[in-house]
Amino acid sequence: MKQRQVAVRRNGSNRGVGNSSVASGVRYAECQKNHAANIGGYAVDGCREFMASGEEGTTGALTCAACGCHRNFHRRQVETQEVVCDSSCV
């Protein structure tokens, strides 16, 4: 059985350890839509995380079920993981 070592890349540097590949995922966090922008203020609704209203591939997948905002108003977090294999991995 092959063993793999998983390391999280934090600073983007590759330290020359065997073969590696990078897998990334995107997560949408709290809503940052300013609901009081038209009156010169700042107020957010408190939505903590994006939850899709519909299935992937539909227009509902871009609308948050909790706050009703578009996915672009939510803070985007890119999570990357680097899979590192020594020279014996193929």
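Buried means under 20% relative accessible area, exposed over 50%, and partly exposed in between (1.4 Å probe, protein chains only). This is a predicted model, in which local features need pLDDT of at least 70, side-chain atom pairs count only at pLDDT 80 or more, and totals for chains, interfaces and linings use all residues. Residues are numbered from 1 along each chain as its sequence is written, and side-chain values use heavy atoms, with hydrogens and water left out.

**Exercise 1.** Determine whether His-74 is buried or exposed, and list its contacts (heavy atoms within 4.5 Å).

Solution. His-74 has a relative accessible area of 3%, so the residue is buried. Beyond four places in sequence, its contacts include Tyr-28, Ala-29, Glu-30, Phe-50 and the cysteines Cys-31, Cys-47, Cys-64, Cys-67 and Cys-69. A polar atom of the His-74 side chain lies 2.9 Å from the backbone oxygen of Ala-29.

**Exercise 2.** Count the disulfides, taking each as a pair of cysteine sulfur atoms within 2.5 Å.

Solution. Start with Cys-31: the closest cysteine sulfur, in Cys-69, is 3.8 Å away, too far for a bond. Next, Cys-67 is in no disulfide, as the nearest cysteine sulfur, that of Cys-64, is 3.7 Å away. The count by this rule is 0 disulfides.

**Exercise 3.** State the mean pLDDT (the predictor's confidence in each residue, from 0 to 100) of the protein chain.

Solution. The mean is 79, and 68% of the residues reach 70 or more. Over residues 1-5, pLDDT stays under 50. Where pLDDT is low, the predicted coordinates should not be read in detail.

Definitions and conventions:
Contact means heavy atoms within 4.5 Å. A polar contact is a pair of N or O atoms within 3.5 Å; within protein, one must be able to donate a hydrogen and the other to accept it, and residues adjacent in sequence count only if both atoms are side-chain atoms.
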